Amino acid sequence: MNQVTIIDGVAVSRTLRQEVSSRAAALHKVGVVPGLAVILVGDDPASAVYVRNKVKACEEHGLHSTLDRLPADTTEIELLARIHELNEDVRVHGILVQLPLPQHIDSHKVIEAIAPEKDVDGFHVANVGALMTGKAGFKPCTPNGVMKLLEAYDISISGKRAVVVGRSNIVGKPMTMLLLEAGATVTVCHSKTPDLAVHTKDADIVVVAVGKCNVLNGAMLKPGAIVIDVGMNRNGEGKLCGDVHFASVCDVAGYATPVPGGVGPMTITMLLVNTLESAERVTAQHP
Ligand code: NDP
């Protein structure tokens with residue numbers, strides 16, 4: 001019988017969030033409350049849930065948060081003006097614009113309008129460039145959360161063969177850079193990769209961020225592989241599922257993340273960490 005360790009993202013998240021609370025309390029003592037400003041444009045129900053969870057997590061861990069709910073017909077100029085106000089607001093240490101934005105707004109322009117030192121999502125080109133060149137900057141929350149999970153389970157990365165499935169700007173590409181920076185030999189697969197299993201069968205670590213159920217199963221893995229499932233999908237019955245066939249993966253893998261309860265909780269946790277660290281940095285610069 002294969003012995004798989006299920007990576008518990010809820011537990012790792014809890015420990016990190018406790019640390020956020022105590023570091024936030026230390027800032028409160030010097031009169032600083034770490035602040036996150038969230039902007040939601042339009043009324044996409046999934047986005048509304050994500051935003052609510054982010055605001056709630058801030059409240060629970062000693063961070064101050066504001067939520068701008070702007071109507072779907074908000075113009076790009078109006079949105080950019082609001083971002084400029086928040087850039088100037090000293091109570092705001094992190095700014096997050098929930099994506100996707102309505103079609104008439106250029107998301108790229110909006111992200112670039114956020115001051116890089118408040119871009120706690122890590123999507124601004126300055127932070128993307130910092131990640132590419134191994135410099136300090138905000139790291140995107142989901143891939144950085146994956147790195148924290150690996151760290152929490154003492155999984156070494158240096159010298160390992162890693163495969164990242166998916167090449168999006170928010171997950172796949174930054175995940176690739178973080179694994180590379182940690183010393184892995186990384187292969188990136190995507191929709192044009194002819195035979196995914198050729199790559200995954202050779203991998204010590206597989207991170208899947210595709211957005212489709214059952215893209216990876218146990219037969220596509222090397223025994224003992226570490227499998228990280230970033231996917232959050234609804235199956236035919238409306239049930240939440242990841243990108244991997246969890247049961248068959250558990251028959252072969254050494255470690256695996258469940259969905260829910262794996263990578264999911266880490267994303268908001270890393271948002272709290274980034275906002276807190278932004279506040280700590282400003283406080284250290286202007287005590
Ligand atoms: P995108 O749709 O932006 O990217 C998906 C990637 O998967 C693309 O690079 C695409 O390739 C690739 N792909 C599509 N089909 C296949 C296939 N059959 N085989 C290999 N690669 C394929 O998605 P995201 O990166 O934004 O999200 C991925 C998943 O992660 C989603 O389920 C999303 O909900 C989830 N997610 C979860 C988060 C969390 O907090 N847990 C946070 C963010 C995302 P190509 O580039 O060629 O089109």
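Asn214 is partly exposed, with a relative accessible area of 47%; buried means under 20% relative accessible area, exposed over 50%, and partly exposed in between, using a 1.4 Å probe and protein chains only. What you are looking at is a predicted model, where local features need pLDDT of at least 70, side-chain atom pairs count only at pLDDT 80 or more, and totals for chains, interfaces and linings use all residues. Numbering starts from 1 along each chain as its sequence is written, and side-chain values use heavy atoms, with hydrogens and water left out.

Back to Asn214: it sits in the loop between S7 and strand S8 (226–229), and its phi is near 60°, a positive value in a residue other than glycine. (Helices, H or I with at least four residues, and strands, E with at least two, are DSSP runs numbered from the N terminus.) Asp154 also has a positive phi, about 50°, although it is not a glycine. Look for Asp154 in the loop between H6 and S5; with a relative accessible area of 74%, it is exposed.

Now for the helices. The axes of H1 (residues 9–29) and H6 (residues 141–152) come within 10 Å and cross at roughly 95°; axes here are lines fitted to C-alpha atoms, for helices over the stretch in contact, and angles run from 0 to 180 degrees between N-to-C directions. H1 and H6 are therefore roughly perpendicular to each other, a label for angles of 65 to 115 degrees, while under 35 counts as roughly parallel, over 145 as roughly antiparallel and the rest as oblique. Gly9, Val12 and Leu16 of H1 meet Lys148, Leu149 and Ala152 of H6, contact meaning heavy atoms within 4.5 Å.

Just after H7, Gly183 takes a positive phi of about 100°.

On a 1 Å grid over the protein atoms alone, a cavity is a set of points where a 1.4 Å probe fits but cannot get out, whereas a pocket is an open set with protein on both sides within 12 Å along at least five of seven lines; lining residues have an atom within 4 Å of a point. Points are joined across faces, edges and corners, and a volume is the space filled by probe spheres set on them. Strand S4 (residues 94–97) gives the most to the lining of the largest cavity, with 3 residues. Leu99 is among the lining residues too, and a cis peptide bond joins Leu99 to Pro100, with omega about 0°.

The second largest pocket has a volume of about 380 Å³. Of its 22 lining residues, Lys139, Asn144, Lys148, Asn274 and Glu277 lie nearest its centre. H1, H6 and helix H10 (264–285) each give two or more residues to that lining.

H10 also holds Thr283, which counts as buried at 16% relative accessibility. Leaving aside neighbours within four places in sequence, Thr283 is in contact with Leu27, Val30 and Val32. Gly31, in the loop between H1 and strand S2 (35–41), is exposed, with a relative accessible area of 65%.
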